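Please examine the sequence and the three-dimensional model shown below. The paragraphs that follow lead through selected loops, helix contacts and a pocket.

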Amino acid sequence: MEKFLRLFALAFLLVSSGLLTAGCSRSTDCQGKNDNSYLKAKTDPRTFSAGGSLIRELGEEPATLNPVIATDVYEGTVNGGIYETLIRRNNATLEFEPLLARSWEVSEDGLSYTFYLRKDVKWHDGTPFTADDVVFSYDSIRNPKVAAAHLQSYYQDVKSYTKIDSYTVRCQYGKPYFRAFEFCGGIPIVAKHIFEKGDFNTNPAGRSPVGTGPYVFEHWETGREIRLRRNPDYWGEPAWLREVVYKVVLDPTVKLQLLKKQELDFAGLLPLQWSKQSCGTSFRNKFYRASYTTPGYNYIGWNSKKPFFSDKRVRRAMTHFVDRETILREILLGLGEIVTTTFYVKSPEYPHDVKPYPYDPKKARELLDEAGWRDSDGDGLRDKDGVSFRFEFLLPTGSETGEKIATILKEELSRSGIEMRIRKIEWAVFIQSMNERKFDAVTLGWSLGVESDPYQLWHSSQAEEGSNFVGFKNSRADVLIEDARKEFSRSERIKKYEEFSRILHEEQPYTFLFARKSTVAVHRRFHNVRLYPLGFDTKEWFVPENLRRY
């Protein structure tokens, strides 16, 4: 379950449980053909002994495996096998079900949530899991010294999170919130006896995590791999694989080569790789190929604190300079859909009557002139108040798709008197630049959860330290976001979100790009590979003895 929005780099949309939604193409040509019909259980894993390894890719190196301060999809992918929450969504129905909590009670007013914890759970070091760990984790999230601004917005209305006894906790909200149960029960939980020592943000467990989940951390070799092994003492249904290895592969060309050599078992494919480079009989005899719609979107973010992008007319001009239809056709090879707002394009919250601004350089130049950005000194660059229109476009290294988009935009802007420099930096440094607001423009993406709450991204209170990196502030938008949080009727929330989406469309803090289709390959020796509404759950996979290679 996604407990909050997670960043992903534009070129690499990683596939893991909770990130993807099925919506398979039915085309019969190579570009669209799926092998999803083969993604089903073939054998009952209980008839075999546990064993086999899964080697999967990480498109970027995680900065930490501390689940409280982790913010990106790469960290969440690894942590999904190590750490657990009180509740989870059922893979098939998406309804909440018990995990570390065996049951719960909800008060009639929807403000109080009592969870009764399992008594047979232990941390990987053998220490019993208790209510103290849950309360400590909540206190850590609310601690202003802890780098958890992305989570704090979801718990700001919690009145108390208290221990009733060693195996009972109660979360009390001060006012109604339609996602209160999800966040009370979905709180990331860390071991108190480990994290109460020293500085929370730099605790060694961020590099050597200790959880309660079906996999135990084994080692992390920087720049190469993170290795997890099966937890033999797991309290629940055990993992069927002996180990899971996450290989850091920054170069997508290398990733495809590793797949073809069967040195990777599970990886995402770029559009060109999906459409042209993984179609041969040899590849398809070894791998399933699957594509499905992604619950998330890509965007270009404009830092409104910079003089170039403080005016909405300039931001709208930037959107008019982006030829999204050509990018979708030529770079993404049609594997996606142009979007206009922050909500998942397949959800009821998405306003399909809000149409994308068209590619229109003439209109863009008119908006720039109107905003006062003209070439007043004849040097070929637009300027205003003595500031020339030169800005930097920040990219994470390895973002091949993002670099292509940036290159096209750079050429387009140069014809209209704007100088754009492209700079690529390593992922951890990139995230730090975002957190410190040290950028002019960036291209990234968000993976979305089942329910929508735009507070984390768009409320003005999140502009300084939260996930509102671009500094968007609009008083009416704040009111709509706050009112929607208190509304338990989805249809009434949608009405507020429709107005909010129109404000975003007018303001253009992002140039919203695409809801990408995820395209992946899975080795055929894995059984029990099921495609759920929110994607794959690799914890269910297993390899029969006769198909194990290592």
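Gln-508 is found in the loop between H16 and strand S21 (510–512), where helices (H or I, at least four residues) and strands (E, at least two) are DSSP runs numbered from the N terminus. The phi angle of Gln-508 is near 50°, a positive value in a residue other than glycine. A positive phi, near 60°, also occurs at Gln-262, again not a glycine; Gln-262 lies in the loop between helix H6 (252–260) and strand S12 (266–268). This is a predicted model, in which local features need pLDDT of at least 70 and side-chain atom pairs count only at pLDDT 80 or more, while totals for chains, interfaces and linings use all residues. Residues are numbered from 1 along each chain as its sequence is written, and side-chain values use heavy atoms, with hydrogens and water left out.

Two packed helices are described by the angle between their axes and the distance between the axes. Helix H16 (residues 490–507) packs with helix H15 (residues 475–485) at an angle of about 160°, the axes being 9 Å apart; axes are lines fitted to C-alpha atoms, for helices over the stretch in contact, and angles run from 0 to 180 degrees between N-to-C directions. H15 is therefore roughly antiparallel to H16 (angles over 145 degrees count as such). In the contact (heavy atoms within 4.5 Å), residues of H15 including Leu-480 and Ile-481 meet residues of H16, among them Tyr-497 and Phe-500. The residues of this contact of H15 with H16 divide into seven nonpolar, no polar and five charged, with Ala, Val, Leu, Ile, Met, Phe, Trp, Tyr, Cys and Pro counted as nonpolar, Asp, Glu, Lys and Arg as charged, and the others, Gly among them, as polar.

Helix H9 (residues 312–321) and helix H11 (residues 361–370) pack at an angle of about 165°, with axes 8 Å apart. H9 is therefore roughly antiparallel to H11. The contact includes Val-314, Met-318 and Phe-321 of H9 and Leu-367 and Leu-368 of H11. By class, the residues of the contact of H9 with H11 are eight nonpolar, one polar and five charged.

In the lining of the second largest pocket, H13 gives the most, with four residues.

Conventions
Parallel < 35°, antiparallel > 145°, perpendicular 65-115°, else oblique.
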